[in-house]
Amino acid sequence: MRHTRTGWWLEEAGDVTPLRPLEGDARADVVVVGGGYLGLWTAWQLRELEPELDVLVLEAGVCGHGPSGRNGGF
């Protein structure tokens, strides 16, 4: 059994290409702060319900890597 620092599910998701940090002002219909399970599911569900919504997810690190990632086999 192999343990990783990121959790199994994030490792199985494949390579993660970080985006550049947000610069300047940004506009969106909805801003979700935090890219854990709750934040990502909220953003996904909002887009499912209203596909035309502009949803912005702000995460300081890697989405799904914080406490949410620990559920996947730290």
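User: Buried means under 20% relative accessible area, exposed over 50%, and partly exposed in between (1.4 Å probe, protein chains only). So which one is Trp41?

Analyst: Trp41 is partly exposed, because its relative accessibility is 46%. Keep in mind that this is a predicted model, where local features need pLDDT of at least 70 and side-chain atom pairs pLDDT 80 or more, while totals for chains, interfaces and linings use all residues. Residues are numbered from 1 along each chain as its sequence is written, and side-chain values use heavy atoms, without hydrogens and water.

User: Okay, and what about Trp44, how accessible is that one?

Analyst: Trp44 comes out at 47% relative accessibility, so Trp44 is partly exposed.

User: Where do Trp41 and Trp44 sit?

Analyst: Both belong to helix H2, which covers residues 37–49. Trp41 and Trp44 are three residues apart there, or about one turn of the helix. Helices (H or I, at least four residues) and strands (E, at least two) are DSSP runs, numbered from the N terminus.

User: How many aromatic pairs are there?

Analyst: The count is one aromatic pair. Trp41 and Trp44 make a stacked pair, because their ring centres are 4.7 Å apart and their planes sit at 20 degrees. The rule for Phe, Tyr and Trp (its six-membered ring) is centres within 6.5 Å, with planes under 30 degrees apart called stacked, over 60 edge-to-face and the rest tilted.

User: Let's zoom out. What's the overall pattern along the chain?

Analyst: Going along the sequence you get α-β-α-β. That's two helices and two strands in the secondary structure of the chain.

User: And how much of the chain is buried?

Analyst: Of the 74 residues in the chain, 19% are buried.

User: How do strands S1 and S2 line up?

Analyst: S1 (residues 30–33) and S2 run parallel, with four bridges joining them; strands pair if DSSP finds at least two bridges between them. S2 itself covers residues 55–58.

User: Which residue of S2 is opposite Val31?

Analyst: Val31 faces Leu56 in S2. Val33 also has a bridge partner in S2, and that is Leu58.

User: Leu58, then. Where is it and how exposed?

Analyst: Leu58 is part of strand S2. Its relative accessibility is 31%, so Leu58 counts as partly exposed.

User: New topic: what does Glu23 form a salt bridge with?

Analyst: Its partner is Arg20, and the closest N and O atoms are 3.2 Å apart. A salt bridge here is a side-chain nitrogen of Lys or Arg within 4 Å of a carboxyl oxygen of Asp or Glu. The structure holds one salt bridge.

User: Are Glu23 and Arg20 buried or exposed?

Analyst: Glu23 is exposed, because its relative accessibility is 55%. Arg20 is at 65%, so Arg20 is exposed too.

User: Last one. Where's Gly66?

Analyst: Gly66 lies in the segment after S2. With a relative accessible area of 29%, Gly66 is partly exposed.

User: And how far is Gly66 from Gly35?

Analyst: In sequence, Gly66 and Gly35 are 31 residues apart. In space, their C-alpha atoms are 8.6 Å apart.
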